[in-house]
Amino acid sequence: PFSERSFMELLFSYGTLQQDEVQKSSFGRLLKGSIDHLPGYQLQDLEIIDPQVLKLSGQKFHPIASPALGHSVPGMVFEVSIEEIKASDEYEVSDYIRKAIVLQSGKTAWVYVNANTSEPNSLL
């Protein structure tokens with residue numbers, strides 16, 4: 001039978017999606033990944049007010065990647081299914097937007113970045 005799980009996507013995490021408890025709750029399993037970097041971004045702190053996310057992560061402040069030329073963010077790239085991408089969409093608060101971005105390794109992965117900033121190339 002057809003299964004969405006057979007179509008693997010790449011998901012880059014620099015924050016709480018690396019935590020075992022967040023992975024177990026969101027995906028029902030622990031993810032396997034490898035170290036990579038997100039070029040052209042730097043981390044800032046985002047105050048979380050969503051009670052479910054606060055309870056799950058145990059952290060009031062989560063990192064959020066914002067465009068910054070000359071910077072790079074370390075993290076992990078995981079293989080996930082399309083179903084799991086949808087689950088991660090539900091976990092992330094509205095301050096994050098999911099974008100396909102080329103990582104330092106050359107792999108293209110989904111990354112949750114700051115939804116409230118413009119790209120460095122589009123400064124007006």
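Modeller: Happy to. The protein has three helices and five strands, and along the sequence they run β-α-β-α-β-α-β-β. This is a predicted model, where local features need pLDDT of at least 70 and side-chain atom pairs count only at pLDDT 80 or more, while totals for chains, interfaces and linings use all residues. Residues are numbered from 1 along each chain as its sequence is written, and side-chain values use heavy atoms, leaving out hydrogens and water.

Colleague: What makes a stretch count as a helix or a strand?

Modeller: Both are DSSP runs, numbered from the N terminus: a helix is H or I over at least four residues, a strand is E over at least two. Helix H2, for instance, covers residues 51–57, and strand E5 covers residues 108–114.

Colleague: Which of the elements has the lowest mean pLDDT, and which the highest?

Modeller: Helix H2 is the lowest at 86, and strand E5 the highest at 96. pLDDT is the predictor's confidence in each residue, from 0 to 100. For the whole protein the mean is 88, with 89% of residues at 70 or more.

Colleague: Why is Val80 called buried?

Modeller: Buried means under 20% relative accessible area, exposed means over 50%, and partly exposed is in between (1.4 Å probe, protein chains only). Val80 has a value of 0%, so it is buried. Across the protein, buried residues make up 37% of the 124.

Colleague: Gly70 is found in strand E3 too. Is Gly70 buried or exposed?

Modeller: Exposed, because its relative accessible area is 83%, and the cut-off is over 50%. Its C-alpha lies 7.6 Å from that of Pro39, 31 residues away along the chain.

Colleague: And what makes His37 partly exposed?

Modeller: His37 comes out at 25%, so it gets the in-between label. This one is in strand E2 (residues 33–47). Gln18, in the loop between E1 and helix H1, is partly exposed as well, with 31%. Gln18 and Val77 are 59 residues apart in sequence and 9.5 Å apart in space, C-alpha to C-alpha.

Colleague: How do you know that the charged end of Arg98 sits over the ring of Trp110?

Modeller: The rule asks for NZ of Lys or CZ of Arg within 6 Å of the ring centre and within 35 degrees of the ring normal. For Arg98 the distance to the centre is 4.4 Å, and the pair is listed as a charge over a ring.

Colleague: What makes a space a cavity, and how many are there of 30 Å³ or more?

Modeller: On a 1 Å grid over the protein atoms alone, a cavity is a set of points where a 1.4 Å probe fits but cannot get out. Points are joined across faces, edges and corners, and the volume is the space filled by probe spheres set on them. The count is one, and the largest cavity holds about 110 Å³.

Colleague: Which residues line the largest cavity?

Modeller: Lining residues have an atom within 4 Å of a point; among them are Phe12, His62, Glu92 and Tyr112. Strands E1 (8–13) and E3 (61–81) each supply at least two lining residues.

Key
1 Å grid on protein atoms, 1.4 Å probe; cavity = no way out; pocket = protein on both sides within 12 Å on 5 of 7 lines; lining within 4 Å.
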